[in-house]
Amino acid sequence: MHPQLMWWLSRSAGMVAAILLVASLVWGVLLATRALKPVDRPAWLLAMHRWFSALACIGVLVHVLALVADNYVYFGWREIFVPQASEWKRAPVTLGVIALYLLIAVQGTSLIMKKLPRALWKFIHYFSYGAVWLSVVHAALAGTDASNRLYQAVALLLTITAVTAAAIRVV
């Protein structure tokens, strides 16, 4: 096994998770706003939103597990779950930890949304915007690929897409 395999897996899983988080955000906005009303199908939009969300959670899980399994930079469970615990790029890693907690809150309450008051679920669901923004900043500042031109282009496209979706939601 290559000594950097887990590092590569963590990086790629984090990047894929970011793409899936933005896709989930876009499909959620399309569903909530009905911006494509003449041609959309709400059941399909909801299914895609849930699918992207579930895949994003799997991507984040793989990202975290690969970080713990890796020996390139030390990340134990404390560094993964406790803000400011990491010695490596402390502030950007902390943003990732906070994004993880927001994602857990959003996904967890979505799994039990029928048992929650709709206003509470909706309020918590707005944290998904924060999770996406924190993930983007986390990736830009903690990620080792931030100087790669392809990564920069994809990150810019994701940021523009997420900002556009948020603007559509507000309007």
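I began with the second largest pocket, where α7 supplies the largest share of the lining, six residues. I keep in mind that this is a predicted model. The volume of this second largest pocket is about 220 Å³. I then listed its lining: 13 residues, of which Met15, Tyr151, Val154, Ala155 and Leu158 are the closest to the centre. Two or more lining residues come from each of α1, α6 and α7 (149-170). I sorted the lining by class and got eleven nonpolar residues, two polar and no charged.

**Largest pocket**

Next I looked up the largest pocket, which has a volume of about 740 Å³. I find 27 residues along its lining, and the closest to the centre are Gly28, His49, Ser110, Trp121 and His125. The elements that give two or more residues here are α1 (5-33), α2, α4, α5 (118-125) and α6 (127-142). Which element gives the most to this lining? I noted α1, with seven residues. By class, I have 15 nonpolar residues, eight polar and four charged in the lining of the largest pocket.

**Cavity**

Rolling a probe the size of a water molecule over the atoms shows where empty space is left. How many cavities of 30 Å³ or more are there? I count one cavity at that cut-off. The space in the largest cavity is about 560 Å³. I list 31 lining residues for it, and Gly14, His63, Leu67, Gly96 and His138 are the closest to its centre. Helices α1, α2, α3, α4 and α6 each give two or more residues to this lining. Again I checked which element gives the most, and for the largest cavity it is α1, with eight residues.

Leu65 sits in helix α2. Is Leu65 buried, partly exposed or exposed? I read a relative accessible area of 42% for Leu65, so it is partly exposed. I also checked a pair along the chain: Leu65 and Leu9 are 56 residues apart, and their C-alpha atoms are separated by 9.5 Å.

Ile104 belongs to helix α4. Its relative accessible area is 47%. Buried would need under 20% and exposed over 50%, so I log Ile104 as partly exposed.

For contrast I looked up Val132, which lies in helix α6. I read a relative accessible area of 3% for Val132. The cut-off for buried is under 20%, so Val132 is buried. I then checked Val132 against Ala162, 30 residues away along the chain. The C-alpha atoms of the two are separated by 8.0 Å.

Last, I went through backbone angles. Which residue has a phi near 70°? I noted Gln84, a residue other than glycine, with a positive value. Gln84 is in the loop between α3 and α4. At 42% relative accessibility, I class Gln84 as partly exposed.

Lys89 is my other entry here. Its phi is positive, about 45°, although Lys89 is not a glycine. I place Lys89 in the loop between α3 and α4. Lys89 has 36% relative accessibility, so it counts as partly exposed.

α1 gives the most to the largest pocket, with seven residues, and the most to the largest cavity, with eight. In the second largest pocket the largest share is from α7.

Technical notes
Residues numbered from 1 in each chain as written. Predicted model: local features only at pLDDT ≥ 70, side-chain atom pairs only at ≥ 80, totals over all residues. Heavy atoms only, no water. Helix = DSSP H or I, 4+ residues; strand = E, 2+ residues; numbered from the N terminus. Buried < 20%, exposed > 50% of the residue type's maximum accessible area, 1.4 Å probe, protein only. 1 Å grid on protein atoms, 1.4 Å probe; cavity = no way out; pocket = protein on both sides within 12 Å on 5 of 7 lines; lining within 4 Å. Points joined across faces, edges and corners; volume = space filled by probe spheres on them. Nonpolar A, V, L, I, M, F, W, Y, C, P; charged D, E, K, R; others polar.
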